[in-house]
Amino acid sequence: MKKVCRILGFAGSLRKGSYNRSLLRAALELLPEDAELEIFDLEGIPLYNQDLENQPAETLKEFKAKIRAADAILIATPEYNYSIPGVLKNAIDCASRPYGDNAFAHKPVALMGASVGMMGSGRAQYHLRQCFVFLSCFALNQPEVMVSFVQEKIDKDGRVTDQKTRELIKELLENLVAWTSRLTP
Ligand SMILES: Cc1cc2nc3c(=O)[nH]c(=O)nc-3n(C[C@H](O)[C@H](O)[C@H](O)COP(=O)(O)O)c2cc1C
């Protein structure tokens, strides 16, 4: 019997109607048979303050525990001012500390993202890939899921309707599962 790959997904947007949250919901529909996806909401993770590192909020404790319990991570990110949204960077910073207690260490991670512009969050994704080096994550290289002009690819109910985007998300998930089993057989 094949081992089930447990994936934890989160989006770098708190917006109810977030396009990036829609990508995660599409991922739920497009999962390979041997994978599960739980979506975590970053709402409620406090701003990082090194003075309070040893008194983590309950939401942060929960987030770190879920990262640790997951076999792989899936991030859906918008692009803010050509870079990583503060909400997402803050959550990553919080979960990577205190020093020596980085929840992301050695986790396989896949990225996707959407923006209303033509770069489809690519610049934010490349900045995240740089962070993964220090986080010691194992980032999946391909496919790059950069959904440009996303407002034309998601309907009013938040469902990803663009077939090419759905195919890319499916391929990303399949590759993440294969990548994870190569890293943790
Ligand atoms: C503070 C801010 C900065 C933004 N910067 C960019 C940007 O650099 N590039 C881009 O394509 N879109 C940018 N946008 C537009 C986002 O692509 C758009 O708001 C998108 O819907 C955000 O993702 P979400 O729907 O998941 O919240 C920006 C939006 C905000 C609020």
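Pro143 sits in the loop that runs between β5 (138–139) and β6 (145–147). The model is a predicted one, and in it the peptide bond joining Gln142 and Pro143 is cis, with omega at about 0°. A cis bond also leads from Arg97 to Pro98, again with omega near 0°. Pro98 belongs to the loop between α3 (86–95) and β4. As background, most peptide bonds are trans, and most residues other than glycine have a negative phi.

**Positive phi angles**

The loop between β3 (72–77) and α3 contains Asn81. Phi of Asn81 is positive, near 50°, although the residue is not glycine. Tyr82 is placed in the loop between β3 and α3 as well. Its phi is near 70°, also a positive value in a residue other than glycine. Are these two residues buried or exposed? Asn81 counts as exposed because its relative accessibility is 80%, where the cut-off for exposed is over 50%. Tyr82 is exposed too, with a relative accessible area of 52%.

**The ligand site**

Which residues come nearest to the ligand? Of the 13 residues around the ligand, the nearest are Ser13, Arg15, Ser18, Asn20 and Tyr82. Sorted by class, this shell consists of 5 nonpolar, 6 polar and 2 charged residues.

Glu79, Asn81 and Ser115 each place an N or O atom at a stated distance from a ligand atom. For Asn81 the atom belongs to the backbone, and it lies 2.8 Å from a nitrogen atom of the ligand. This is the Asn81 with the positive phi described above. Glu79 uses its side chain, with an N or O atom 3.0 Å from a ligand nitrogen. In the side chain of Ser115, an N or O atom is 3.0 Å from an oxygen atom of the ligand. The ligand on its own exposes 620 Å², of which the protein buries 73%.

**A nonpolar surface patch**

Three residues, Met118, Met119 and Phe149, make up a nonpolar patch on the surface. Together they have about 320 Å² of accessible area. Met118 is located in the loop between β4 (108–114) and α4 (122–135). With a relative accessibility of 64%, Met118 counts as exposed.

**Salt bridges**

Side chains of opposite charge can pair when their charged atoms come close. How many salt bridges does the model have? The count comes to 13 salt bridges.

| Glu29 | Arg166 | 2.6 Å |

Glu29 forms its salt bridge with Arg166. Glu29 is in helix α1 (residues 19–30) and Arg166 is in helix α5 (residues 163–183), so this pair ties together parts 137 residues apart in sequence. Glu29 is partly exposed, at 46% relative accessible area. Arg166, by contrast, counts as buried because its relative accessibility is 9%, and the limit for buried is under 20%.

Arg68 is in helix α2 and Asp101 in the loop between α3 and β4, and the pair links distant parts of the chain, 33 residues apart. Arg68 counts as partly exposed at 40% relative accessibility, and Asp101 is partly exposed with 29% relative accessible area.

Shared partners also connect salt bridges to one another: Glu29, Arg159 and Arg166 are joined into one network.

Conventions
Residues numbered from 1 in each chain as written. Heavy atoms only, no water. Near = heavy atom within 4 Å. Polar contact = N/O pair within 3.5 Å; in protein donor to acceptor, adjacent residues only side chain to side chain. Areas by Shrake-Rupley, 256 points an atom, 1.4 Å probe, with all protein chains shown as cover. Nonpolar A, V, L, I, M, F, W, Y, C, P; charged D, E, K, R; others polar. Patch = residues over 30% accessible without salt bridge, like charges linked within 9 Å, V, L, I, M, F, W, Y side chains within 5 Å. Salt bridge = Lys/Arg side-chain N within 4 Å of Asp/Glu carboxyl O. Helix = DSSP H or I, 4+ residues; strand = E, 2+ residues; numbered from the N terminus. Buried < 20%, exposed > 50% of the residue type's maximum accessible area, 1.4 Å probe, protein only.
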